[in-house]
Amino acid sequence: MDVIVRPTPSLQGEIGALSSKNYTTRYLLTAALADGKSTIYYPAHSEDSDAMRRCIADLGAVLEEDDEKIVITGFGSHPRSVKELNVGNAGAVLRFMMGIASLCPDVTFVNTYPDSLGKRPHDDLIDALGQLGVRVEHREGKLPIRIQGGQAKGGKIQVSGSVSSQYLSALLFLTPLLEEDSEIEVLHDLKSKVVVGQTLEVLQEAGIVIHASEDYMSFRIPGRQSYQPRTYTVQGDYPGSAAVLAAAAVTNSDVTIHRLKEQSKQGERAIVDVLRMMEVPLTHENDTVIVKGNGRLKAIEFDGDAATDAVLAMVAAAVFAEGTSRFYNVENLRYKECDRITDYLNELSKAGAHVEERQAEIIVHGRPEGVEGGVEINAHFDHRVIMALTVVGLRAQKPLLIKDAHHVAKSYPQYFDHLETLGASVEWVK
Ligand SMILES: O=C(O)C1=C[C@@H](OP(=O)(O)O)[C@@H](O)[C@H](O)C1
Ligand SMILES: C=C(OP(=O)(O)O)C(=O)O
């Protein structure tokens, strides 16, 4: 399915933010790893969160869901033995489940998205699991991946954090369940460090004790712990909402988004500060962001690693800013659903934006006068590319046709409905 995005000068109205993807995947996992019943209020519904639902159900968790909540009876530290798991296109779900699969005798993760997740690297996690004595068969660090576990005991583990924080998070979910205590040392840099804060927050809520150094580069994890059944509430999602806020920033708008916690540990809450720095009129009080955009924005410089899943939306806003913006420390955007530097900038250029890439930077020469549009956009299987190009399309001179825009459902199936509610001219076409 494709989407036509037509120029839309103004956006108005109120929406509730979608539920956080990262908290939903984590709560589903900690609920599954507990013995007993946990309840999660307002879990996200998207392809990625459904992938986690599917995997924990395959491993023996029992899920009962209504409109408001999901009740999960977990399998504790004894997942059922399964032959295959299918994580769809969800990177975090794959990495977390690779950790848990180490408790199973023989599981193969199948490759259902060869052109997206199938191209992403998992070597650093494979290496770390190897240090625990887990046998992993793989295709040059990529899917399909077969894990023969059951023998991991704990101990000293080194893991690189220079490509993804998800490898470290996977080890943090696994090691408390092992017989012996573990020590994890993070090698090189730790990218997306803020997301590890979300992992630690959820582990603590689940009753797990982890001793973390302040810089998150070393951890001591007591073994033989048990995840406790809990009641969790999922907060609103900043990465998805960042695209809606960017759309409001580049148009004449009066847009309100509820359920965005000011004190959230989601790094992508930085979208609010970034738009403020761009001089977009907005307020953030009582978990509600109100943007009263006038279409005028100023260029900025920003360390994108602090808000990895909101960078594409920030860049889309910068396309219309006065001056040159620079988003640096973003190399690991290259290892996501597509190469979010080269592939994304190619699509932005097609639409008429003036952008340049470096290995770890995106540079945007703003065009307050607008961009031409009138072209077909390749989504590269990437929900965040789809959302960000939509922002650009709203302010282009001619419509954008975004091919395969249904991949938006990876994280935010209701994105186009939300934009339509706000008055955007968007239309699904076959
Ligand atoms: O742990 C998580 O849930 C995530 C970590 C981040 O990935 P990286 O650590 O690979 O940057 C983020 O981009 C992804 O959407 C979700
Ligand atoms: C990169 C993302 O997700 P994942 O790594 O879990 O596939 C994302 O949601 O933007």
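Select Arg259 to start: you'll find this residue in the loop between strand 15 (252-258) and helix 8 (270-277). Helices (H or I, at least four residues) and strands (E, at least two) are DSSP runs, numbered from the N terminus. Now check the backbone: Arg259 isn't a glycine, yet its phi is positive, about 70°. Most residues other than glycine have a negative phi, and most peptide bonds are trans. Arg259 is partly exposed, with a relative accessible area of 30%. Here, buried means under 20% relative accessible area, exposed means over 50%, and partly exposed is in between (1.4 Å probe, protein chains only).

A word on what you're looking at. This is a predicted model, where local features need pLDDT of at least 70 and side-chain atom pairs count only at pLDDT 80 or more, while totals for chains, interfaces and linings use all residues. Residues are numbered from 1 along each chain as its sequence is written, chains are lettered from A and ligands numbered from 1 in the order in which they are written, and side-chain values use heavy atoms, leaving out hydrogens and water.

Next, jump to His188 in strand 11 (residues 182-190). This is another non-glycine residue with a positive phi, near 65°. Is His188 buried or exposed? It's exposed, with a relative accessible area of 60%.

Then pick Leu143 and Pro144, which are joined by a cis peptide bond with omega of about -5°. Pro144 belongs to strand 9 (residues 142-148).

Zoom out to see the whole thing. The protein chain has twelve helices and 26 strands. Its C-alpha atoms fill a box of roughly 60 × 45 × 40 Å along the principal axes. Of the 430 residues, 60% are buried.

Time to go inside. In soluble globular proteins, nonpolar side chains tend to be buried together. A nonpolar core is a set of buried Ala, Val, Leu, Ile, Met, Phe, Trp, Tyr and Cys residues joined through side-chain atoms within 4.5 Å. The largest one has 81 residues, and those with the most contacts inside it are Met278, Phe327, Tyr344, Leu348, Leu389 and Tyr415. Colour helix 7 (residues 238-249) too: with nine residues, helix 7 gives the most to this core. Apart from it lies another core, of 73 residues, with Leu29, Leu94, Leu178 and Val234 among them.

Which residues does Tyr344 touch, leaving aside those up to four places away in sequence? They are Leu312, Val315, Ala316, Asp339, Val385, Ala388 and Leu389, where a contact means heavy atoms within 4.5 Å.

Stay here and select helix 10 (residues 342-351): its buried residues are Asp343, Tyr344, Leu345, Glu347, Leu348 and Ala351.

For the last stop, show helix 3 (residues 91-101). Eleven of its eleven residues are buried, so helix 3 is largely enclosed by the rest of the structure. Arg95 is one of the buried residues, as are Phe96 and Met97. What do they pack against? Show helix 1 (21-32), helix 2 (47-58), strand 7 (107-109), helix 4 (123-131), strand 9 and helix 5 (166-174), and you have the surroundings that the buried residues of helix 3 pack against.
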